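Let's take a walk through this structure, one group of side chains at a time. Have the sequence and the 3D view open as you read.

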Amino acid sequence: YIHLAREDVTEQTLLFSERSGGIRIWNPKTQAVVRVGQAPDVYEKDQAGLLDLKLHPKFKENGWVYVTQSIEKDGQNTTRLSRFQLKNNSIHNWENLLVTDAWSKNNQHYGSRLAFDQKGFLFMTVGERNERHEAQKLSNHKGKLLRLTELGKPAPGNPFENNKDAKPEIYSYGHRNPQGLAIDQEGRIWVGEHGPRGGDEINLAQPGKNYGWPVITYGKEYWGAGIGTEKKEGMEQPVHRYTPSIAPSGFVIYSGPMFPEWKGEFLQGALAKTH
């Protein structure tokens, strides 16, 4: 869910999505829920579905909301980036911006988190679709962090824009299933991702860097065997790692006024155990 704060919204409300594609607004004061509409073409199965929502930095003026979702074609599926304008509590002017080259028959590891930086560029995570060695290939979007314009095009100055064998949208690679993404007040890009059995990570993403999956990891196979090694020259180490696994979901970097002592701290969601 994401906060809505616009001139035509008189009370603080929340915009939230459902995996099946429904998008709704909730007023926590009145408990009223309004259905905004349905995202088109949502492929919902296992981990697939409607994935993330993000407001445009100038949402108050333009009303754009960005959406990622799974789509299916000819027995395979991938992640698509779209956007719509929110007007009078309904969807208008839906636009499909980018169909990622992350096609797979698997219904797993979509990643798919969005964040805008201070320059207005859009960052988007894409999971490696449980096809681990694809994360090391620059010829596709699997296991990558993308840096885009607000229209879903490769952002100028991306690290591989002059490499004819690489996707120009790629900012960093070697990620597994990144479901956390946040940009701090200094402009640094933080990515949180699932390890296999242990080895969940928080990484500081830098342009062109390789974050190692599956060559390096602190996790193990689900049946207990090791995977690769823990360190290798030319591959980045995580800033923080969780073992045993917490199955990390989204996180935010706190900047609100209510708890000043938390300023700059990470609030991390977890999908496992009782954290």
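A polar contact is a pair of N or O atoms within 3.5 Å; within protein, one of them must be able to donate a hydrogen and the other to accept it. Keep in mind as we go that the model is predicted.

You'll find Asp 184 in the loop that runs between β13 (177-183) and β14 (189-194). Is Asp 184 buried or exposed? Its relative accessibility is 9%, so Asp 184 counts as buried, the cut-off being under 20%. The side chain of Asp 184 has a polar contact of 3.0 Å with the side chain of Trp 190.

In general, side chains of opposite charge can pair when their charged atoms come close. Here Arg 188 and Asp 184 meet through their side chains in a salt bridge, at 2.7 Å from N to O. Arg 188 is partly exposed, with a relative accessible area of 35%. Arg 188 also meets Glu 186 in a salt bridge, this one at 3.8 Å, N to O. Glu 186 is exposed, at 64% relative accessible area. Through shared partners, these salt bridges join Asp 184, Glu 186 and Arg 188 into one network.

How many salt bridges are there in the model? The count comes to 12. One of them is between Glu 131 and Lys 142, whose closest N and O atoms are 2.5 Å apart. Both residues lie in the loop between β10 (122-126) and β11 (144-148), so the pair ties together parts that are 11 residues apart in sequence. Glu 131 is partly exposed, with 25% relative accessible area, while Lys 142 is buried at 8%.

Now for the aromatic rings. Go back to Trp 190, the contact partner of Asp 184: Trp 190 forms one aromatic cluster with Phe 251 and Phe 266. A pair of aromatic rings is described by the distance of the centres and the angle of the planes. The model has 9 aromatic pairs. Among them are Tyr 66 and Phe 116, an edge-to-face pair with 5.2 Å centre to centre and 80° between the planes. This pair links distant parts of the chain, with Tyr 66 in strand β6 (residues 64-73) and Phe 116 in strand β9 (residues 111-116), 50 residues apart. Tyr 66 counts as buried, at 0% relative accessibility, and Phe 116 counts as buried as well, at 14%.

Tyr 254 and Phe 259 make a tilted pair, with 6.2 Å between the centres and 50° between the planes. Tyr 254 is buried, at 14% relative accessible area. Phe 259 lies in the loop between β17 (248-253) and β18 (266-270). At 31% relative accessibility, Phe 259 counts as partly exposed.

Last stop: charges over rings. The charged end of Arg 147 sits over the ring of Phe 121, 4.4 Å from the centre of that ring. Arg 176, for its part, lies over the face of Trp 213, at 5.2 Å from the ring centre.

Note on methods: Residues are numbered from 1 along each chain as its sequence is written. This is a predicted model: local features need pLDDT of at least 70, side-chain atom pairs count only at pLDDT 80 or more; totals for chains, interfaces and linings use all residues. Side-chain values use heavy atoms; hydrogens and water are left out. Helices (H or I, at least four residues) and strands (E, at least two) are DSSP runs, numbered from the N terminus. Buried means under 20% relative accessible area, exposed over 50%, partly exposed in between (1.4 Å probe, protein chains only). Rings of Phe, Tyr and Trp (its six-membered ring) pair if their centres lie within 6.5 Å; planes under 30 degrees apart count as stacked, over 60 as edge-to-face and the rest as tilted. A charge sits over a ring if NZ of Lys or CZ of Arg is within 6 Å of the ring centre and within 35 degrees of the ring normal. A salt bridge is a side-chain nitrogen of Lys or Arg within 4 Å of a carboxyl oxygen of Asp or Glu.
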